[in-house]
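Please open the structure in your viewer and keep the selection tool at hand.

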Amino acid sequence: MKIGYRTIKTAVGTPLAIWIAELLQLDNSVSAGILTILCTQVTRKKSFLAAWHRVAACLLAIILSFLLFETIGFHPISIGILLLVFIPITVMLRVSPGIVSSAVIILHLYNSHEITLDLIVNELILISVGIGVALIVNLYMPSLEATIRRKQVILERNFTKILKEIALYLREGDQSWAGEEITQTEKILKEANQLVGRDVENHVLRSEHPYHDYFEMRTKQFAILKRILPLVSKLPETSYSQCEQLAHFFSGLADSVHPGNTAVLFLEELNALRESFDEDPLPKTREEFETRAHLFQLLYEMENYLELKQSFKESDVQHRIRQKVQQ
C-alpha cells in the first residue's frame with residue numbers, strides 16, 4: 001500500500017485545523033477539518049481553485065440562509081427551497097465544487113434556529129481556518145523533475161529499440177520482436193504528459209513547462225513510428241538493396257535518439273536515399289510498383305519524423321534565448 005503526499009498532508013492538516021478551531025473556541029470546530037479535507041488537492045493551482053470555490057459558495061450560502069430562514073422560518077422545507085435556489089446559482093457562478101462544504105454551513109445556521117452576528121462570525125472564522133490550513137499544507141509540493149526525467153530516459157531507450165528492430169527486420173527479415181516497447185511507450189507518454197500538467201499546476205505563476213514541447217514532439221513521432229511499421233512489413237525480400245540502405249539509415253537513427261539536434265544530418269541522408277531510389281529503374285510489375293509506393297511513403301513519414309525533431313530544437317533554442325533576454 002502506497003501513501004501519497006496528498007494523504008499525508010490531509011492527515012496532518014485536518015487535525016491541525018480542528019485543533020486551531022478548538023483553541024479559538026469556535027462552535028462546530030470539526031467543520032474546519034472537513035473544509036481542510038475538501039481543499040487539499042493534488043496541485044497548488046487546484047488547491048487555490050478549490051479554496052476560491054468554497055469561499056465563494058460559503059459566503060453565498062450564508063447570505064441566502066439568512067434571507068430564507070429569517071423570512072420563511074427554520075423548517076425542513078426551508079432547506080429544500082434554499083437548495084433549489086442555491087445550487088443553480090453556484091452552477092451559474094461556476095463555483096459548484098463548493099456546494100458540499102456550503103451545505104455544512106447551511107446546516108449549522110439551520111440548527112442554530114437564530115442567525116446572529118456572532119454565529120456568522122463563527123462560521124467565517126471556521127471557513128478561514130479550514131481553508132487556510134489546507135492552503136498552507138499544500139504550499140509544499142514535491143518536485144516532479146526527476147520523475148519526468150526518468151520517463152524521458154525510458155522513452156528514448158524505447159525509441160532506440162523500436163528503430164533498431166525496424167533496421168533488423170529490413171536487413172534480416174527477423175520477426176521475433178514481440179513489440180512490447182510499443183505498449184510501454186504509449187503508457188509512458190500518457191504518464192509523462194500527466195506529470196508535466198501536474199508540475200505546471202504546482203507553479204502558480206508559470207503556464208509553460210520545459211518538457212511540454214518535448215513530450216508533445218515525441219508523441220507525434222511515436223504516431224509516425226506506428227504508421228511506418230506496416231509499411232516496413234510490406235517491403236518484399238526482392239528489394240534487398242533498398243532495404244539494406246533503409247536498414248543502415250534506421251540503425252544510425254537509433255543510435256542518435258537523444259534531446260540533441262541531429263535531425264539536419266539525417267534529413268540530408270534521407271534526401272540522398274530519395275535521390276538514389278529515383279535513379280532505380282521504373283517499376284515493371286504491379287508488385288514493383290507497390291514496393292516503390294511503400295518506399296516513398298516510408299521516406300515521407302520519416303521526413304515528417306525528423307522535421308518534428310528539427311522544429312522542436314529550433315523552438316527550444318528560441319525559448320532559451322528569450323529566457324536569457326528576460327534575465
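Is Glu-165 buried or exposed? Glu-165 is buried, because its relative accessible area is 13%; buried means under 20% relative accessible area, exposed over 50%, and partly exposed in between, with a 1.4 Å probe and protein chains only.

Before continuing, note that this is a predicted model, in which local features need pLDDT of at least 70 and side-chain atom pairs count only at pLDDT 80 or more, while totals for chains, interfaces and linings use all residues. Residues are numbered from 1 along each chain as its sequence is written, and side-chain values use heavy atoms, with hydrogens and water left out.

**Stop 1**

Helices here (H or I, at least four residues) are DSSP runs numbered from the N terminus, as are strands (E, at least two). An α-helix has 3.6 residues a turn, so residues three or four places apart point the same way. Lys-161 is partly exposed, with a relative accessible area of 32%.

Next, select Arg-171 and Glu-244. The side chains of these two residues form a salt bridge with an N to O distance of 3.5 Å. Glu-244 belongs to helix H10 (residues 240–254) and Arg-171 to helix H7, so the pair ties together parts that are 73 residues apart in sequence. Glu-244 is partly exposed at 26% relative accessible area, and Arg-171 is partly exposed at 33%.

Then select Glu-156 and Arg-218. This is also a salt bridge, and its closest N and O atoms are 3.8 Å apart. Because Arg-218 lies in helix H9 and Glu-156 in helix H7 (residues 145–172), the pair ties together parts that are 62 residues apart in sequence. Arg-218 is buried, with a relative accessible area of 2%, and Glu-156 is buried, with 10%. By this rule the count comes to 9 salt bridges.

**Stop 2: the cavity**

Arg-218 also leads to the next stop. Select Arg-218, Gln-221, Leu-253, Ser-256, Val-257, His-258, Thr-262, Ala-263, Tyr-305, Leu-306 and Lys-309, which line the largest cavity. On a 1 Å grid over the protein atoms alone, a cavity is a set of points where a 1.4 Å probe fits but cannot get out, and lining residues have an atom within 4 Å of a point.

How many cavities of 30 Å³ or more does the structure hold? The structure holds 1. About 80 Å³ of space lies in the largest cavity, where a volume is the space filled by probe spheres set on the grid points, which are joined across faces, edges and corners.

Helix H9 (212–233) and helix H12 (286–326) each supply at least two residues of this lining. The largest share, 3 residues, comes from H12.

**Stop 3: Phe-312**

Remain on helix H12 and select Phe-312, which is located there. Phe-312 counts as buried because its relative accessibility is 9%. Leaving aside neighbours within four places in sequence, Phe-312 is in contact (heavy atoms within 4.5 Å) with Asp-213, Tyr-214, Met-217 and Pro-259. The C-alpha atoms of Phe-312 and Pro-259 are separated by 9.5 Å, and these residues are 53 apart along the chain.

**Stop 4: helix H5**

Select residues 99–112. At 1.5 Å a residue, the 14 residues of helix H5 should span 20 Å, and the end C-alpha atoms are 20 Å apart, which agrees; the expected span is 1.5 Å times one less than the number of residues. Buried residues of H5 include Ile-99, Ile-105 and Leu-109. The buried residues of H5 pack against helix H2 (30–39), helix H3 (44–72), helix H4 (76–92) and helix H6 (117–137). After H5 comes His-113, whose phi is positive, near 65°.

**Stop 5: two loop residues**

Select Arg-94, in the loop between H4 and H5. Phi of Arg-94 is near 60°, a positive value in a residue other than glycine. Arg-94 is exposed, with a relative accessible area of 72%.

Finally, select Gln-25, in the loop between helix H1 (5–23) and H2. Gln-25 is not a glycine, yet its phi is positive, at about 55°. At 70% relative accessibility, Gln-25 counts as exposed.

Note on methods:
1 Å grid on protein atoms, 1.4 Å probe; cavity = no way out; pocket = protein on both sides within 12 Å on 5 of 7 lines; lining within 4 Å. Salt bridge = Lys/Arg side-chain N within 4 Å of Asp/Glu carboxyl O.
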